[in-house]
Amino acid sequence: MAATHRVSAVIFDLDGTLLDTERATRDVLKEFLGTYGKVPDAAKEEKRLGQMHRESTTGIIADYGLPITVEEYSEAIYPLYIKRWQRARPLPGVNRLLKHLHKNGVPLALASNSIRRNIDHKILKLGELKDCFSVVLGGDQVPHGKPCPDIFLEAAKRLGVNPSSCLVIEDSLVGVQAAKASGAKVVAVPSLQSQRHCYSIADLILYSLLDFHPELWGLPPFEDRIQGALAMEPLLSNAQIGDAVQNSTLTLIAVFATGECTYDSIPDQISGIFFGWTKSETSGVFKAVVSTGWDLSPGKFERVMHICFLDSHYKAKTEDHLELLLIGYIRKLQSSENISQAMNITDEDQATARDALDLPAFSEYAKTRSALDLPALPEYAEPRNGLLLA
């Protein structure tokens with residue numbers, strides 16, 4: 001791919017961009033407001049995504065009529081966040097990208113609207129990769145937080161580069177606005193899929209960092225795909241089959257039922273063609289290709305998932321419960337206004353998955369997991385009512 005713009009440094013946001021902290025802490029506000037007999041307003045909370053700590057806190061106190069000060073609110077809710085931050089994980093593609101850029105000597109900075117004290121707690125979840133950043137900035141270390149450009153201007157200054165030669169990777173709209181105002185190029189990886197249409201000012205919009213191509217920005221390309229497949233950190237999901245059909249090549253496709261579905265490490269940003277194993281309560285373990293994405297057509301906001309079983313002797317049954325272990329990524333979904341067409345699993349996808357699952361880089365994982373003895377879901381993996389796995 002030809003470079004659209006050459007950059008010399010990369011600046012990352014933290015929450016929702018590098019770490020899945022927003023999902024891990026999803027119920028903290030609900031728990032806190034419950035002590036005052038209040039419940040969160042989803043629309044209001046979506047608008048707070050990416051805001052500075054004081055701005056967000058002031059708004060919460062006002063919106064819910066809480067009889068406390070900003071300082072009292074912060075002191076009371078902080079321990080709840082500390083506990084939940086321990087459950088956060090790097091988002092798919094993060095470890096791969098940070099290692100690649102650091103290995104190739106690309107200067108990296110982290111610039112978050114979170115206060116620096118909170119960043120220091122959360123960044124520990126990146127492990128040794130936290131040391132890849134030569135600059136770490138919190139919203140309390142600059143005059144004005146996002147959407148003002150101050151934090152990105154300061155990050156570029158400390159990196160010793162011009163802001164126009166920086167690439168910023170952000171998940172929030174206020175972060176994208178701040179980055180554009182600084183003169184940097186921006187890749188948006190929205191954490192709220194319902195707001196993807198709001199990110200048109202970004203230079204590029206991705207679903208996840210698995211689809212990030214460094215060469216588009218004049219950076220060294222990845223060279224880690226194996227026969228068209230990309231190894232990744234495992235993703236887990238549970239679901240129930242609502243129907244099963246055969247496509248034109250007689251490949252069995254599971255159609256999941258609408259209802260309560262639980263998931264472990266499948267963030268909202270995940271979209272594309274993946275592969276791994278399924279474990280049926282009645283039939284055992286089978287190889288599979290999975291396509292998943294979001295149906296954002298008018299009046300809908302649903303995750304959709306198709307599973308193609310690569311083992312012809314598997315007989316799917318209605319209401320059969322499956323556990324999914326996804327360990328490889330093939331490609332992003334095709335561009336189409338019709339979600340069913342976009343999620344089509346091709347013969348080439350199936351061939352790529354079959355070949356990859358027999359390679360040591362992928363098959364070794366199944367052996368170490370004792371053929372899908374999956375761990376229990378974490379406490380924050382709540383059932384998602386209304387989630388469509390179609």
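Me: Which residue stands opposite phenylalanine 275 in β12?
Reply: Glycine 328 does. Keep in mind that this is a predicted model. The two strands involved, β9 and β12 (residues 321-331), pair in the antiparallel sense. Eight bridges join them.

Me: Which strand does β9 form a hairpin with?
Reply: With β10. Three residues lie between the two strands. β9 and β10 (residues 284-295) run antiparallel, with nine bridges between them. In that pairing, isoleucine 273 faces serine 291 of β10.

Me: How many residues of β9 are buried?
Reply: Eight of its nine residues, which span 272-280. So β9 is largely enclosed by the rest of the structure.

Me: What does its side chain make a polar contact with?
Reply: The side chain of serine 297, at 2.7 Å. Beyond neighbours within four places in sequence, aspartate 295 is in contact with Lys300, Phe301, Glu302, Val304 and Ile339.

Me: New topic. What is the order of the strands in the open sheet?
Reply: β3-β2-β1-β4-β5-β6. That makes six strands, and the pairing is parallel.

Me: Which strands stand at the edges?
Reply: β3 (135-137) and β6 (204-205). Each has a single partner strand, so one side of each is left without a neighbour in the sheet.

Me: How many bridges pair β5 with β6?
Reply: Two, in the parallel sense. β5 covers residues 185-188. Valine 187 stands opposite leucine 204 in β6.

Me: Where does helix α6 pack?
Reply: On the sheet. Helix α6 (residues 94-103) touches β1 (9-12), β2 (108-111) and β4 (166-170). Its direction makes about 150 degrees with that of β1.

Me: And which strands does α9 touch?
Reply: β4 and β5. Helix α9 (residues 173-182) packs on the sheet too, and its direction makes about 165 degrees with that of β5.

Me: Back to α6. How many of its residues are buried?
Reply: Seven of ten, so α6 is largely enclosed by the rest of the structure. The buried ones are Val94, Asn95, Arg96, Leu97, Leu98, His100 and Leu101.

Me: What comes just after α6?
Reply: Glycine 105, which takes a positive phi of about 75 degrees.

Me: Now α11. Which of its residues are buried?
Reply: Asp349, Gln350, Thr352, Ala353, Ala356 and Leu357 are buried in α11, which spans residues 347-357. Seen down the helix axis, they fall within an arc of 160 degrees, so they line one face of α11.

Me: Why would residues three or four places apart point the same way?
Reply: Because an α-helix has 3.6 residues a turn.

Me: Which residues are exposed on the other side of α11?
Reply: Asp347 and Glu348.

Me: Last bit, the whole chain. How many helices and strands are there?
Reply: Twelve helices and twelve strands. The chain has 390 residues, and 53% of them count as buried.

Notes
Residues numbered from 1 in each chain as written. Predicted model: local features only at pLDDT ≥ 70, side-chain atom pairs only at ≥ 80, totals over all residues. Heavy atoms only, no water. Buried < 20%, exposed > 50% of the residue type's maximum accessible area, 1.4 Å probe, protein only. Helix = DSSP H or I, 4+ residues; strand = E, 2+ residues; numbered from the N terminus. Arc of directions from axis to C-beta. Pairing = 2+ DSSP bridges. Contact = heavy atoms within 4.5 Å. Axes fitted to C-alpha atoms, helices over the stretch in contact; angles between N-to-C directions. Polar contact = N/O pair within 3.5 Å; in protein donor to acceptor, adjacent residues only side chain to side chain.
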